[in-house]
Structures are given as C-alpha cells and as structure tokens.
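Visitor: Please bring up the entry, and let us go through its charged side chains together.

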Amino acid sequence: MSPRTSGWIMKQTWEDLLFLHWSVDRYWLQSMLPPQLEVDTFEGEAWIGIVPFEMNQIRFRGLPSVPFASKLLELNVRTYVKYGKKRGVYFFSLDASHRAGVMMARNLFHLPYLQAKMGKKSDGKQISFWSSRTHKGVEKADYHIIYEPLGTSYEARKGDLDFWLTERDRLFVVRGNKVFQGKIKHDRWPLQKVDVAVLRDTLSHPYHYSDQVVTHFSKKVTTYLWPFENVT
C-alpha cells in the first residue's frame, strides 16, 4: 500500500502476529455485545479470537517515529460484528506493554486498552510471548504461549474461513448510544500454518474457550489507520 493513501492518521508495523480463534454460541456472544452491534457469523458460527503480536514503527502522519514510544507488545481479545451493512472487529480487551500508549488509546480513541507486563523472545523459529495484566480496577489475566510458524506463506481466498477471520478493514467502538468506526488498511496478510502451545491462560476464561482452535501466523504487515467517525 502506498503511504500516499489519503486521510490516514497513524502508521504501524505489526510483526510475529498469531491469530487463535474458536467458535462460540452466537446468542451468548450477542449478550456480551453493546446492543447497537450484531454478531457476525461464518456459515452460522460466531467466533472469538486472541491475537498476540509486536507493534513497531508507530508514528502519526507527518511526524517521525519516536524511539522510546514507537514499539509495544499487544494482546487483544476480539470478535466480529455488524453494524447495519458494515462488518468489522469489536475488542473486548487490548492488553499492552506501553503505559503512555495505553493512556492515549483509552483517552483519545476510547478503546479498552489495559496496562500489562509483557515479554517476547524468539530463537529464530519459536516465539515465546507472555503477558500479565497490571491495570488497576480490572480483573487480572495471565497468558503465556509459544508458537512456531510452519511452511511457506499464502494469501487466504475470499469466501474461505481463513479470509473471514483475518481480513477486516474496520473496527467499532460504542460510546453511550453512538457507534464509531475506525478504518484500517494493509496489504493482504501473508499467512502461515503454525504450531501452538498454550502454557498459561486465564485471559480466555470469560469467553467460553474451546480446545478446537483455528490458528494462523503472519510475519509482518504495515498498517494504516484512519480517524474514528460517528456512523450512528
């Protein structure tokens, strides 16, 4: 994607990203959402995902990246929703390792970012990622996972579950009775198969986690974000 794409306000690079998805009851999931949003489904099934990754080269349009503020680790819990004919991502939580980044995202974008102690190591094959939530006033949550990408990368085909779970171009935030969308653009995910071992997990307990998970890995993608707009 060309950086000349008009209107974006923030650019980020996402690296070593893991998608870990499981299906849940659509009616239970609807009860977990703001009433303005509707559960999105693939062939009748609703899905929740946990997504750990490293975010680098964070910068606002027209400004250089700042070395001490342009990198963080993130671990989000998400699902897929509709607002009218628009489809997008809804976040239950976004744990992150950068205190200032958490405060900015909560105050400016009203996203449910939470402070956490986090770490990531890689030996060139396996990636170890861990997180321990430290945010005051919310339930603690720990997560430690090891994952190893396998084989060559591929692009998901439109109409397949791989595509439906990974290719989303907007996210929704609900404030009061108003619905806001933030558009996101990036090149198609270079996906790989991946071996995953979950060592510790209290993060997924509220979300009906299933051992029957669908997993994908993506090494790197550059992402552009647009200002939130009221679509109520």
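Visitor: Which side chain meets K120 in a salt bridge?

Guide: This is a predicted model, in which local features need pLDDT of at least 70 and side-chain atom pairs count only at pLDDT 80 or more, while totals for chains, interfaces and linings use all residues. Residues are numbered from 1 along each chain as its sequence is written, and side-chain values use heavy atoms, with hydrogens and water left out. A salt bridge here is a side-chain nitrogen of Lys or Arg within 4 Å of a carboxyl oxygen of Asp or Glu; at 2.8 Å from N to O, the partner of K120 is D16.

Visitor: How many residues apart in sequence are the parts that K120 and D16 tie together?

Guide: Strands are DSSP runs of E with at least two residues, numbered from the N terminus. K120 lies in strand β6 (residues 113-122) and D16 in strand β1 (residues 10-24), so the separation in sequence is 104 residues.

Visitor: Is D16 buried or exposed?

Guide: Buried means under 20% relative accessible area and exposed over 50%, with partly exposed in between, using a 1.4 Å probe and protein chains only. K120 is partly exposed at 23%, whereas D16, at 5%, is buried.

Technical notes:
Helices (H or I, at least four residues) and strands (E, at least two) are DSSP runs, numbered from the N terminus.
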